[in-house]
Amino acid sequence: MNVPPPTPVVLALDFGGTKTALTVADQHGTRLHDLVVETAPEHGARAGLERAVDAARTLLAGREPAAVGVSTIGIPGEDGVALAPNIPGWEHLALGRELALAFPKSALRLATDVKAAARHELLAGALRGCDPGLYVNLGTGLAVALVAGGQVLTGRHGASGEIGYNLRTVADVGRAIGARTPLETVVSGRALTEAAAAHGSTELAAHIGTFVDELAFHLVNLTIALDPERIAVGGGMVRSWTALHAPLRRALDAAVPYPPQLTLAAHPQEAPLLGALALAVEAARSGN
(Lines give C-alpha, C1' and ligand atoms only; values in the text may rest on other atoms or scores of the structure.)
Protein backbone atom coordinates (compact mmCIF):
# COMPACT_ATOMS: atom_id res chain seq x y z
CA MET A 1 0.00 0.00 0.00
CA ASN A 2 1.42 3.34 -1.05
CA VAL A 3 1.33 6.00 1.64
CA PRO A 4 1.17 9.54 0.22
CA PRO A 5 3.91 11.87 1.44
CA PRO A 6 2.90 14.35 4.10
CA THR A 7 1.66 17.71 2.87
CA PRO A 8 4.53 20.23 2.95
CA VAL A 9 4.13 23.02 5.49
CA VAL A 10 5.81 26.31 6.29
CA LEU A 11 6.39 28.01 9.63
CA ALA A 12 6.09 31.70 10.49
CA LEU A 13 7.23 33.38 13.71
CA ASP A 14 6.75 36.96 14.87
CA PHE A 15 9.03 37.91 17.76
CA GLY A 16 7.59 40.90 19.62
CA GLY A 17 8.48 42.74 22.79
CA THR A 18 5.83 40.96 24.89
CA LYS A 19 4.78 37.91 22.87
CA THR A 20 5.82 35.61 20.06
CA ALA A 21 3.13 34.57 17.58
CA LEU A 22 3.51 31.43 15.48
CA THR A 23 1.60 29.81 12.67
CA VAL A 24 2.01 26.67 10.60
CA ALA A 25 0.49 26.83 7.13
CA ASP A 26 0.42 24.88 3.90
CA GLN A 27 2.57 26.02 0.99
CA HIS A 28 -0.23 28.24 -0.27
CA GLY A 29 -0.31 30.17 3.01
CA THR A 30 -3.50 28.63 4.40
CA ARG A 31 -3.05 28.62 8.16
CA LEU A 32 -3.39 25.24 9.87
CA HIS A 33 -2.28 25.81 13.48
CA ASP A 34 -1.64 28.95 15.52
CA LEU A 35 -0.04 29.61 18.89
CA VAL A 36 1.03 32.60 20.96
CA VAL A 37 3.63 32.38 23.73
CA GLU A 38 4.91 35.05 26.09
CA THR A 39 8.28 36.52 25.16
CA ALA A 40 9.04 37.11 28.88
CA PRO A 41 11.89 39.56 28.20
CA GLU A 42 12.90 39.52 31.86
CA HIS A 43 14.29 36.01 31.29
CA GLY A 44 16.55 37.16 28.46
CA ALA A 45 16.91 36.58 24.75
CA ARG A 46 17.97 32.96 24.63
CA ALA A 47 15.16 31.81 26.88
CA GLY A 48 12.67 33.61 24.66
CA LEU A 49 14.10 32.02 21.53
CA GLU A 50 14.10 28.55 23.07
CA ARG A 51 10.50 29.00 24.19
CA ALA A 52 9.50 29.95 20.64
CA VAL A 53 11.37 27.02 19.05
CA ASP A 54 9.75 24.59 21.49
CA ALA A 55 6.33 26.04 20.65
CA ALA A 56 7.08 25.72 16.95
CA ARG A 57 7.99 22.06 17.32
CA THR A 58 4.70 21.49 19.14
CA LEU A 59 2.79 23.04 16.24
CA LEU A 60 4.79 21.14 13.64
CA ALA A 61 4.13 17.79 15.36
CA GLY A 62 7.23 16.13 13.96
CA ARG A 63 7.12 17.71 10.50
CA GLU A 64 10.04 19.67 9.07
CA PRO A 65 8.88 22.94 7.48
CA ALA A 66 9.87 23.61 3.90
CA ALA A 67 10.59 27.19 4.91
CA VAL A 68 10.61 29.43 7.98
CA GLY A 69 9.64 33.10 7.78
CA VAL A 70 10.54 35.36 10.69
CA SER A 71 9.63 38.89 11.69
CA THR A 72 11.35 40.39 14.69
CA ILE A 73 11.74 43.57 16.65
CA GLY A 74 14.99 45.22 15.58
CA ILE A 75 17.01 44.70 12.44
CA PRO A 76 18.17 41.09 11.97
CA GLY A 77 21.75 40.72 10.78
CA GLU A 78 24.46 38.08 10.59
CA ASP A 79 25.70 38.45 14.16
CA GLY A 80 22.74 39.91 16.02
CA VAL A 81 19.57 41.96 15.92
CA ALA A 82 20.33 45.69 15.92
CA LEU A 83 18.14 48.33 17.57
CA ALA A 84 16.24 45.84 19.73
CA PRO A 85 16.40 47.11 23.33
CA ASN A 86 13.07 45.69 24.49
CA ILE A 87 14.42 42.15 24.99
CA PRO A 88 17.70 42.06 26.96
CA GLY A 89 20.35 40.27 24.93
CA TRP A 90 18.37 40.22 21.67
CA GLU A 91 20.87 42.56 20.02
CA HIS A 92 23.64 40.00 20.59
CA LEU A 93 21.62 36.96 19.51
CA ALA A 94 22.57 35.62 16.07
CA LEU A 95 18.92 34.92 15.33
CA GLY A 96 19.38 33.71 11.78
CA ARG A 97 22.14 31.26 12.65
CA GLU A 98 20.25 29.97 15.69
CA LEU A 99 17.10 29.32 13.67
CA ALA A 100 19.10 27.71 10.87
CA LEU A 101 20.47 25.27 13.46
CA ALA A 102 16.99 24.62 14.84
CA PHE A 103 15.50 24.03 11.36
CA PRO A 104 18.44 22.86 9.22
CA LYS A 105 16.31 21.53 6.35
CA SER A 106 14.25 24.70 5.97
CA ALA A 107 14.78 27.77 3.80
CA LEU A 108 14.95 30.79 6.10
CA ARG A 109 13.81 34.40 5.62
CA LEU A 110 14.03 37.19 8.23
CA ALA A 111 12.69 40.73 8.31
CA THR A 112 12.09 43.58 10.72
CA ASP A 113 8.55 43.21 12.10
CA VAL A 114 7.27 46.65 11.06
CA LYS A 115 8.56 46.24 7.51
CA ALA A 116 7.08 42.74 7.29
CA ALA A 117 3.76 44.18 8.46
CA ALA A 118 3.93 47.02 5.95
CA ARG A 119 4.69 44.60 3.13
CA HIS A 120 1.63 42.55 4.02
CA GLU A 121 -0.54 45.68 4.16
CA LEU A 122 0.90 46.75 0.79
CA LEU A 123 0.21 43.41 -0.88
CA ALA A 124 -3.12 42.52 0.70
CA GLY A 125 -4.23 45.16 3.17
CA ALA A 126 -4.87 48.82 3.83
CA LEU A 127 -1.93 50.12 1.76
CA ARG A 128 -2.73 48.15 -1.36
CA GLY A 129 -2.44 50.43 -4.38
CA CYS A 130 -1.12 53.35 -2.32
CA ASP A 131 1.96 55.15 -3.61
CA PRO A 132 3.40 56.41 -1.45
CA GLY A 133 1.99 55.00 1.77
CA LEU A 134 2.96 55.02 5.40
CA TYR A 135 2.58 52.22 7.94
CA VAL A 136 2.71 53.27 11.62
CA ASN A 137 3.27 50.62 14.25
CA LEU A 138 2.14 51.49 17.77
CA GLY A 139 3.25 48.49 19.77
CA THR A 140 5.64 47.85 22.62
CA GLY A 141 7.93 50.20 20.70
CA LEU A 142 7.41 52.79 17.97
CA ALA A 143 8.39 52.64 14.29
CA VAL A 144 7.04 53.31 10.82
CA ALA A 145 7.60 51.84 7.37
CA LEU A 146 7.65 53.83 4.15
CA VAL A 147 6.07 52.42 0.99
CA ALA A 148 6.93 53.82 -2.45
CA GLY A 149 6.98 52.39 -5.95
CA GLY A 150 5.38 49.17 -4.77
CA GLN A 151 8.19 48.49 -2.31
CA VAL A 152 8.81 48.86 1.41
CA LEU A 153 11.88 51.06 1.76
CA THR A 154 14.55 49.54 3.98
CA GLY A 155 17.26 52.20 3.91
CA ARG A 156 21.01 51.73 3.63
CA HIS A 157 21.26 49.80 6.92
CA GLY A 158 17.72 48.44 7.11
CA ALA A 159 16.85 51.17 9.62
CA SER A 160 14.50 53.42 7.67
CA GLY A 161 11.44 54.34 9.71
CA GLU A 162 13.04 53.82 13.12
CA ILE A 163 11.45 57.02 14.46
CA GLY A 164 11.67 55.75 18.03
CA TYR A 165 15.15 57.30 17.94
CA ASN A 166 13.86 60.74 16.89
CA LEU A 167 14.97 63.90 18.67
CA ARG A 168 12.19 65.39 20.79
CA THR A 169 13.33 69.02 21.12
CA VAL A 170 15.98 71.32 19.67
CA ALA A 171 17.88 70.87 22.93
CA ASP A 172 18.54 67.28 21.83
CA VAL A 173 20.59 68.36 18.79
CA GLY A 174 24.17 67.10 19.12
CA ARG A 175 23.39 64.81 22.02
CA ALA A 176 24.11 61.08 21.81
CA ILE A 177 21.29 58.64 22.53
CA GLY A 178 22.54 58.01 26.05
CA ALA A 179 22.47 61.73 26.82
CA ARG A 180 18.88 62.37 25.74
CA THR A 181 15.43 60.78 25.88
CA PRO A 182 14.56 59.15 22.53
CA LEU A 183 10.98 59.43 21.33
CA GLU A 184 10.17 55.76 21.93
CA THR A 185 10.91 56.20 25.63
CA VAL A 186 7.79 58.36 25.97
CA VAL A 187 5.69 57.42 22.91
CA SER A 188 5.15 53.66 22.85
CA GLY A 189 2.93 51.04 24.41
CA ARG A 190 5.62 50.27 26.93
CA ALA A 191 5.98 53.95 27.87
CA LEU A 192 2.25 54.38 28.30
CA THR A 193 1.99 51.27 30.48
CA GLU A 194 4.87 52.46 32.65
CA ALA A 195 3.29 55.91 33.00
CA ALA A 196 0.03 54.37 34.20
CA ALA A 197 1.86 52.04 36.60
CA ALA A 198 3.78 54.98 38.06
CA HIS A 199 0.42 56.43 39.07
CA GLY A 200 -0.75 53.13 40.53
CA SER A 201 -3.11 52.37 37.67
CA THR A 202 -3.55 49.91 34.82
CA GLU A 203 -5.94 52.30 33.04
CA LEU A 204 -4.13 53.83 30.04
CA ALA A 205 -6.83 56.27 28.92
CA ALA A 206 -5.97 58.85 31.59
CA HIS A 207 -2.41 59.10 30.25
CA ILE A 208 -3.00 58.98 26.52
CA GLY A 209 -3.37 62.74 25.92
CA THR A 210 0.29 63.70 26.13
CA PHE A 211 1.22 60.49 24.31
CA VAL A 212 -1.03 61.39 21.35
CA ASP A 213 0.15 65.01 21.24
CA GLU A 214 3.79 64.03 20.86
CA LEU A 215 2.96 61.24 18.43
CA ALA A 216 0.95 63.72 16.34
CA PHE A 217 3.86 66.19 16.28
CA HIS A 218 6.17 63.61 14.71
CA LEU A 219 3.52 62.07 12.47
CA VAL A 220 2.62 65.48 11.01
CA ASN A 221 6.26 66.29 10.21
CA LEU A 222 6.82 62.86 8.67
CA THR A 223 3.65 63.19 6.61
CA ILE A 224 4.72 66.58 5.28
CA ALA A 225 8.04 65.05 4.20
CA LEU A 226 6.56 61.94 2.57
CA ASP A 227 3.20 63.22 1.22
CA PRO A 228 1.55 59.76 1.48
CA GLU A 229 -1.77 58.81 -0.03
CA ARG A 230 -2.75 56.86 3.08
CA ILE A 231 -1.49 56.18 6.60
CA ALA A 232 -2.32 52.75 8.03
CA VAL A 233 -1.89 52.18 11.76
CA GLY A 234 -1.28 48.83 13.42
CA GLY A 235 0.13 47.34 16.61
CA GLY A 236 -1.24 46.57 20.05
CA MET A 237 -2.01 50.22 20.84
CA VAL A 238 -4.78 50.32 18.24
CA ARG A 239 -7.01 48.73 20.83
CA SER A 240 -7.34 52.39 21.86
CA TRP A 241 -8.08 53.52 18.29
CA THR A 242 -11.14 55.54 19.32
CA ALA A 243 -8.89 57.66 21.57
CA LEU A 244 -6.13 57.91 18.96
CA HIS A 245 -7.94 58.56 15.70
CA ALA A 246 -9.66 61.89 16.32
CA PRO A 247 -6.64 63.85 17.65
CA LEU A 248 -4.35 62.43 14.96
CA ARG A 249 -6.91 63.29 12.28
CA ARG A 250 -7.23 66.84 13.59
CA ALA A 251 -3.45 67.30 13.69
CA LEU A 252 -3.03 66.08 10.10
CA ASP A 253 -5.88 68.22 8.79
CA ALA A 254 -4.58 71.33 10.55
CA ALA A 255 -0.93 71.20 9.46
CA VAL A 256 -0.38 68.99 6.40
CA PRO A 257 -0.79 70.74 3.01
CA TYR A 258 -2.40 67.64 1.51
CA PRO A 259 -3.81 65.58 4.41
CA PRO A 260 -3.77 61.84 3.66
CA GLN A 261 -6.31 59.20 4.55
CA LEU A 262 -5.84 57.78 8.05
CA THR A 263 -7.06 54.26 8.73
CA LEU A 264 -6.55 51.15 10.76
CA ALA A 265 -4.39 48.50 9.15
CA ALA A 266 -6.37 45.65 7.65
CA HIS A 267 -4.73 43.30 10.15
CA PRO A 268 -3.55 45.62 12.93
CA GLN A 269 -2.55 42.85 15.33
CA GLU A 270 -1.36 40.16 12.94
CA ALA A 271 0.29 42.02 10.05
CA PRO A 272 3.87 41.18 11.19
CA LEU A 273 3.02 37.48 11.45
CA LEU A 274 1.25 37.53 8.09
CA GLY A 275 4.28 39.27 6.61
CA ALA A 276 6.51 36.52 8.00
CA LEU A 277 4.14 33.92 6.57
CA ALA A 278 4.39 35.53 3.13
CA LEU A 279 8.19 35.31 3.36
CA ALA A 280 7.97 31.62 4.24
CA VAL A 281 5.59 30.86 1.36
CA GLU A 282 7.83 32.69 -1.11
CA ALA A 283 10.91 30.87 0.17
CA ALA A 284 9.19 27.48 -0.11
CA ARG A 285 8.13 28.22 -3.69
CA SER A 286 11.59 29.35 -4.72
CA GLY A 287 13.16 26.30 -3.09
CA ASN A 288 15.99 28.15 -1.39
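Modeller: Let us begin with strand 9, which is joined to strand 10 (residues 151-152) by two bridges, the two strands running antiparallel. The model is a predicted one, in which local features need pLDDT of at least 70 and side-chain atom pairs count only at pLDDT 80 or more, while totals for chains, interfaces and linings use all residues. Residues are numbered from 1 along each chain as its sequence is written, and side-chain values use heavy atoms, with hydrogens and water left out. Strands (E, at least two residues) and helices (H or I, at least four) are DSSP runs numbered from the N terminus, and two strands count as paired if DSSP finds at least two bridges between them.

Within this pairing, V147 stands opposite V152 of strand 10. The two strands make a hairpin with two residues between them, and in this hairpin G149 takes a positive phi near 60°.

Strand 9 also has a partner in strand 8 (residues 133-138), to which it is joined by six bridges, again with the strands antiparallel. Y135 has A145 in strand 9 as its bridge partner, and strand 8 and strand 9 form a hairpin with three residues between them. In the loop between helix 3 (113-124) and strand 8 one finds P132, and the peptide bond that leads from D131 to P132 is cis, with omega near -5°.

How enclosed is strand 9 by the rest of the structure? Six of the seven residues of strand 9 (residues 142-148) are buried, so the strand is largely enclosed by the rest of the structure; here buried means under 20% relative accessible area, as against over 50% for exposed and values in between for partly exposed, with a 1.4 Å probe and protein chains only.

Strand 11 (residues 230-234) and strand 12 run parallel and are joined by four bridges, with L264 in strand 12 as the bridge partner of V233. Contact here means heavy atoms within 4.5 Å, while axes are lines fitted to C-alpha atoms, for helices over the stretch in contact, and angles run from 0 to 180 degrees between N-to-C directions.

From here we can move on to helix 4 (residues 189-198), whose buried residues are G189, A191, L192 and A196. Seen down the axis of helix 4, these buried residues fall within an arc of 165°, so they line one face of the helix, the arc being that of the directions from the helix axis to the C-beta atoms. Among what covers the buried residues of helix 4 is helix 5 (208-226). Helix 4 is followed by G200, which has a positive phi, near 70°.

For orientation, five other strands form an open sheet with mixed pairing, in the order 3-2-1-4-7, and the edge strands there are strand 3 (31-38) and strand 7 (107-112), each pairing on one side only. In that sheet, strand 1 and strand 4 (residues 67-72) run parallel and are joined by six bridges, and F15 stands opposite T72 in strand 4. Helix 2 packs on that sheet, touching strand 1, strand 4 and strand 7, and its direction makes about 150° with that of strand 7.
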